[in-house]
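I opened a new notebook page for this chain.

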Amino acid sequence: MPAHHVDRPSDLDVVRESYDRVADNYVHMVMTTGVGDIRSHPWLKASIDAFADSVGGLGPVLDAGCGPGTVTAYLTERGLDVSGVDLSPRMIENAWRLYPHCRFGVASHTDLDLGEASLGGVLGWWSLFNLPREVLPQVLSRYARALKPGGHFITATHVGDEDAVRTEAYGGVPVHWTTHKWQPEHLVALIEQAGLRPVAELRLPADEQSGPAVVIMAKRPH
């Protein structure tokens, strides 16, 4: 298999359609309750701030799986040269509507064409858990190669041992996607195998909104 190849998930179209259906409800939730907005969660905001401080001046930043663009917009406010992409066209329509001063496009983790050492930073912020377990390592390797030496990658995801199949979300909208949960040490190992060096890890216990979670930041060595 060529080093740059990434398999297309068999459920990609179903997942895209599901996120298109929930996009408007999800945006309404973020805007009215703050759930999903880092500004309402001090530890997640601190993680994004640390990422922004680490990649400032290194070059373009990619928010991969940006949803309605809340983090993309925040990083733009921080002065970064950031663009957001998402699998769901409806999410991107909302992102353009909410943040017309930012750059967005429609793309999946598995079909991005990224140049070697072209980015100062990559975010997979609550956006990698739908990738099948055999595909995630390929995506991580692609992002690792796209980072400049000294560039940083950050991800946040759900912690657990099992896969959870969702059939409804965000107000009872019918969906079909699988949430692949990871134990932090397993995810760290995959990030290391992709060629990155972990620099920080934040574990978050379950709360009223979701189960336990982990944030991991890593860098491409010089």
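Predicted model: local features only at pLDDT ≥ 70, side-chain atom pairs only at ≥ 80, totals over all residues.

**Entry 1**

I placed Ala 117 in the loop between strand 3 (103–106) and strand 4.

I found Trp 126 in the loop between strand 4 and helix 5. Is Trp 126 buried or exposed, or in between? The relative accessibility of Trp 126 is 24%, so I logged this residue as partly exposed; the cut-off for buried is under 20%.

**Entry 1: Val 6**

I went to the segment before helix 1 (12–33), where Val 6 sits. Val 6 counts as buried, because its relative accessibility is 9% and buried means under 20%. What does Val 6 touch, if residues up to four places away in sequence are not counted? I listed Thr 110, Val 135, Gln 138, Val 139 and Arg 142.

**Entry 2: Ser 47**

Ser 47 belongs to helix 2 (residues 42–55). I read a relative accessible area of 12% for Ser 47, so this residue is buried. With neighbours within four places in sequence left aside, Ser 47 is in contact with Trp 125, Ile 154, Leu 202 and Val 215.

Arg 90 is in helix 4 (residues 89–98), and its relative accessibility of 31% makes it partly exposed. Leaving out residues up to four places away in sequence, I found Arg 90 touching Asp 20, Ala 23 and Asp 24. From Arg 90 to Ser 18 I noted 10 Å, C-alpha to C-alpha, for a sequence separation of 72 residues.

Asp 163 is in strand 6 (residues 163–169). I logged Asp 163 as partly exposed, since its relative accessibility is 38%. Its contacts, apart from neighbours within four places in sequence, are Arg 133, Thr 178, Thr 179, His 180 and Lys 181. The C-alpha atom of Asp 163 is 9.9 Å from that of Pro 132, and the two residues are 31 apart along the chain.

I turned to the nonpolar side chains. In soluble globular proteins such side chains tend to be buried together. Here the largest nonpolar core has 30 residues, and those with the most contacts inside it are Leu 136, Leu 140, Tyr 143, Phe 153 and Ile 191. Which elements give two or more residues to this core? I noted strand 1 (61–64), strand 4 (119–125), helix 5 (136–146), strand 5 (147–158), helix 6 (184–193) and strand 9 (213–219). Helix 5 supplies the largest share, 6 residues.

Ile 191 touches Leu 140, Phe 153, Thr 155, Leu 196, Ile 216 and Ala 218, with residues up to four places away in sequence not counted. I also found another core lying apart from the largest one; this other core has 20 residues, including Ile 48, Val 55, Leu 123 and Ile 154.

**Entry 3: the chain as a whole**

I counted up the secondary structure as 6 helices and 9 strands. The radius of gyration is 16 Å, close to the 17 Å that the globule rule gives for 222 residues, so the chain is as compact as a globular protein of that length. Along the principal axes, the C-alpha atoms fill a box of roughly 45 × 35 × 35 Å.

How much of the chain is buried? I have 51% of the 222 residues down as buried. Of the contacts with a separation of 6 or more, 68% join residues 24 or more positions apart. The chain exposes about 10,000 Å², and carbon and sulfur atoms supply 53% of this area. Last, I checked the charges: the mean positions of the 19 positive and 27 negative charges are 5 Å apart.

Methods. Residues numbered from 1 in each chain as written. Heavy atoms only, no water. Core = buried A, V, L, I, M, F, W, Y, C linked by side-chain atoms within 4.5 Å. Buried < 20%, exposed > 50% of the residue type's maximum accessible area, 1.4 Å probe, protein only. Helix = DSSP H or I, 4+ residues; strand = E, 2+ residues; numbered from the N terminus. Contact = heavy atoms within 4.5 Å. Rg over C-alpha atoms; globule rule 2.2 N^0.38 Å. Areas by Shrake-Rupley, 256 points an atom, 1.4 Å probe, with all protein chains shown as cover. Lys, Arg positive; Asp, Glu negative; His and termini not counted. Charge placed at Lys NZ, Arg CZ, Asp CG, Glu CD.
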